[in-house]
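Thanks for making time this morning; I would like to walk you through one model.

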Amino acid sequence: MFGLETDVFILLFISLFAACAFEFVNGFHDTANAVATVIYTNSLKPTVAVVWSGICNFTGVLLGGIGVAMGIVNLLPVELLVDQNVYHSVAMVLALLLSAIIWNLGTWYFGLPSSSSHTLIGSILGVGLAFATMPENKTGAAVNWEKAIETGEALLLSPLLGFSLAIVLMFILRRSVPEEAKDQLFKEPKKNTEPPAWVRTILIATCSLVSFFHGSNDGQKGVGLIMLILIGIVPYHFAVKADLDPRLMQTNVTAIQQTVSTLDSTHLSSANRVRLVQTNAELAELSALVNGPLVEGKIPNEKRLDVRRDLLLINSNIKKITADEGSNLSTAQVAQLNKNLGEESGLRRFTDYAPLWVILMIALSLGLGTMIGWRRIVVTVGEKIGKQHLTYAQGASAELVAAMMIGMASWLKLPVSTTHVLSSGIAGSMVANKGVKNLQAGTVKNIALAWILTLPVSVLLSFTLYIFFRWIL
């Protein structure tokens, strides 16, 4: 496969298996949250619910694009992503995957709705920080902090908004729903009894939305992981998109060069003046490559990682230069640059992609994980967050808020935690019903503790594992 040596092929297989295992365990947590309300309220039988959720997740992964996936990939520094030593790449992916799986399994075992997103982000940060200690890292690059801060803000704000919006939605329902319907909507589910048809329809619809948007967001994280593995271990095939004619880059390169040539560097910061020189050199290098002789219209294997590095650095440097207060570019010029850098018709279409088989593999792993591990999380969501059992109104409110939040995050290409958004929505609906005293302090404390510990524990685990794997590989 891919013409690899036997030991490298085995390491690739192990890495891909570990990535699928992460998504499988992710299904225990996040997709189980998506089906919790329809199962707990008897709206759907568990088997039907998880199969339907799997279909919606599959559709979400398939139609959700790859913006979130590339955001995950780009958390790591360019130097780590274009390391020519395949064993260094194996150490990277094994460290971040194993640390994420260990923490996810531990929290699942205790039935805690911990965040797979936080776990993955922490693992990536740990690997980046460990890479900063390596002797070959001459620049000291550790993490793409700009992207990390943006990601952290999304992960922090989403549960706070979920909690608040669920309270608002519950208030609106109490004020707007007719009295005869209110009695049905605000009562606890009866054991083995389906809710009224109209309530059941609402709950199934909100579950479907959460599952779809979960696929479009959390499913992409697995896609990003697979691409990290493929780019690191088999760069000749996946560093740049192989089925695009590289000569198409020339139009973008020429347009970018023309715009960049109008920059007055005297008003830029010293760091951005250096970036401008580097960018011009990288643009010239790309132009010479795509205009030179290309066998069968393909980039030579030994040049593919270099091309990826140039494309990533051009994109990163130009964004920093145009954000400089001393930049004399107009709004129209910046928009033109972004178009020629973008993933639709710009340079990033050569780096920001994922093969269909990767998407299908991740969707399948998510669905299987949901079918096996849903029960523990469903019980926690339905009975242990609040002192009263979950009502139909609370389930529908929490799921609708979660769908809105996750859908917005996917549109903005930001990763959020389905677990955090939904469980905070459940908590908000409980508070809206009978105040803060309606929350079970023990469960809320355990969930909060898992949230607080997830980042530092996963950072420490992946940091340690990366150092260990670099030592033995």
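This is a predicted model: local features need pLDDT of at least 70, side-chain atom pairs count only at pLDDT 80 or more; totals for chains, interfaces and linings use all residues.

Residues are numbered from 1 along each chain as its sequence is written, and side-chain values use heavy atoms, with hydrogens and water left out.

Let me begin with the nonpolar cores, meaning sets of buried Ala, Val, Leu, Ile, Met, Phe, Trp, Tyr and Cys residues joined through side-chain atoms within 4.5 Å, where buried is under 20% relative accessible area, exposed is over 50%, and partly exposed is in between, with a 1.4 Å probe and protein chains only. The largest core has 57 residues, and L96, L230 and Y466 have the most contacts inside it. Among the elements that give it two or more residues are helix 1 (6-40), helix 9 (197-233) and helix 18 (441-472), but helix 5 gives the most, with 11 residues. Helices here are DSSP runs of H or I, at least four residues long, numbered from the N terminus. A second, separate core has 23 residues, including V240, L263, V307 and F350.

Turning to the surface, L156, L157, L160, L161, L165, L209, L400 and M404 form a nonpolar patch with about 710 Å² of accessible area together. Two elements, helix 7 (145-176) and helix 16 (392-411), each give two or more residues to this patch, and helix 7 gives the most, with 5. For the patch, residues need over 30% relative accessible area and no salt bridge, and nonpolar side chains (Val, Leu, Ile, Met, Phe, Trp, Tyr) are joined within 5 Å; a salt bridge is a side-chain nitrogen of Lys or Arg within 4 Å of a carboxyl oxygen of Asp or Glu. Accessible areas come from the Shrake-Rupley method with a 1.4 Å probe.

Is S429, by contrast, buried or exposed? S429, which sits in helix 17 (residues 418-434), counts as buried because its relative accessibility is 0%. Setting aside residues up to four places away in sequence, S429 touches A166, M170 and Q394, contact being heavy atoms within 4.5 Å.

Finally, D352 lies in the loop between helix 14 (331-341) and helix 15, and is buried at a relative accessible area of 9%. Beyond its neighbours within four places in sequence, D352 is in contact with I66, M70 and E343.

Conventions: Patches are made of residues with over 30% relative accessible area and no salt bridge: like charges are joined within 9 Å, nonpolar side chains (Val, Leu, Ile, Met, Phe, Trp, Tyr) within 5 Å.
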